[in-house]
Amino acid sequence: MSAKKIVIAIDGFSSSGKSTMARQLARRIGYVYVDSGAMYRAVTLHALRGGIVNPVSGVDRPRLIADLPSLAIGFALQPDGSQHTTLNGEDVEKEIRTMEVSSWVSPVAEIPEVRHRLVALQQEYGRDKGIVMDGRDIGTTVFPHAEMKVFVNASPEVRAERRYKELQEKGTPVSYEEVLANVRERDHIDSTRAESPLRQAEDAFVLDNDRLTREQQLDTLLKLFASRSGADAATDK
Ligand code: CDP
């Protein structure tokens with residue numbers, strides 16, 4: 001088989017199901033998966049813990065920027081093959097998924113210094129290719145030359161419903177309306193910020209996730225992967 005290792009960039013709005021999709025694809029083709037959103041969430045968690053954000057004045061940018069060099073963000077491989085996000089060596093996977101982090105992450109992610117630091121780290125992960133990364137700006141800013149780019153589309157209501165169910169399963173007390181409001185607000189901030197806003201790369205393949213089952217999605221991605229990498233065996237079941 002003459003498959004070459006490639007870089008796969010998956011972008012889309014919040015809760016569009018892109019992480020699940022990216023993780024499944026990576027597992028299937030034996031690539032590394034990197035959740036770039038988790039890295040922005042880890043920085044946000046640090047800011048919350050240190051009182052660097054507050055509901056009245058928002059994010060204290062100078063303080064957060066000063067702390068950036070001391071933040072080590074990474075991923076720890078688990079025995080079941082999944083990855084947990086780490087912040088200075090601590091497993092923060094659970095904590096970064098709370099509503100509190102979700103409600104602060106977009107204001108943190110619009111700070112250029114935060115983005116520069118995380119984008120550099122993300123590019124480092126992709127140096128040897130063989131990687132699937134999902135986020136907002138992966139196909140436009142992090143890996144503009146990625147061999148395969150996917151942009152995931154889904155309506156805010158479908159996305160909020162999905163996230164609401166996830167939170168319910170975790171026992172988080174939250175209403176559907178709150179989740180929908182958070183999804184809409186993050187969509188707005190993510191797509192209007194000055195620094196690498198969320199937008200579809202011109203050469204991205206658009207996947208409409210409202211109408212596809214998980215299996216159909218994975219199948220579509222595997223076919224695309226086969227054509228972009230020359231891995232003919234990729235669609236074998
Ligand atoms: O999983 P969910 O769709 O809720 O979002 P996420 O991928 O965990 O990302 C959380 C937030 O991080 C987004 O709403 C963006 O504000 C920010 N983010 C970003 O700015 N750039 C990325 N490449 C990834 C995430």
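## The ligand shell

By class, the shell around the ligand holds nine charged, six polar and four nonpolar residues. Charged means Asp, Glu, Lys and Arg; nonpolar means Ala, Val, Leu, Ile, Met, Phe, Trp, Tyr, Cys and Pro; the others, Gly among them, count as polar. This is a predicted model: local features need pLDDT of at least 70, side-chain atom pairs count only at pLDDT 80 or more, and totals for chains, interfaces and linings use all residues. Residues are numbered from 1 along each chain as its sequence is written, and side-chain values use heavy atoms, with hydrogens and water left out.

Of the 19 residues around the ligand, Ser15, Arg41, Arg115, Asp137 and Asp190 come nearest. Helix 2 (36-49), helix 4 (99-109) and helix 8 (176-192) each supply at least two shell residues. Helix 2 gives the most, with four. Helices here are DSSP runs (H or I, at least four residues), and strands are E runs of at least two, numbered from the N terminus.

## Polar contacts and burial of the ligand

## Asp190

Asp190 sits in helix 8. Its relative accessible area is 4%, so Asp190 is buried. Buried means under 20% relative accessible area, exposed over 50%, and partly exposed in between (1.4 Å probe, protein chains only).

Which residues does Asp190 contact, leaving aside its neighbours within four places in sequence? They are Ser106, Arg136, Pro197 and Leu198. Contact means heavy atoms within 4.5 Å. Ser106 is 84 residues from Asp190 in sequence, yet 6.5 Å away in space, C-alpha to C-alpha.

## Strand 1

Strand 1 (residues 7-12) is mostly covered, with six of its six residues buried. Val7, Ala9 and Asp11 lie on one side, and Ile8, Ile10 and Gly12 on the other.

Strand 1 pairs in the parallel sense with strand 8 (residues 131-135) over five bridges. Strand 9 (residues 148-153) also runs parallel to strand 1, joined by five bridges. Two strands pair if DSSP finds at least two bridges between them. Ala9 has Met133 as its bridge partner in strand 8 and stands opposite Lys149 in strand 9.

Technical notes:
Near = heavy atom within 4 Å.
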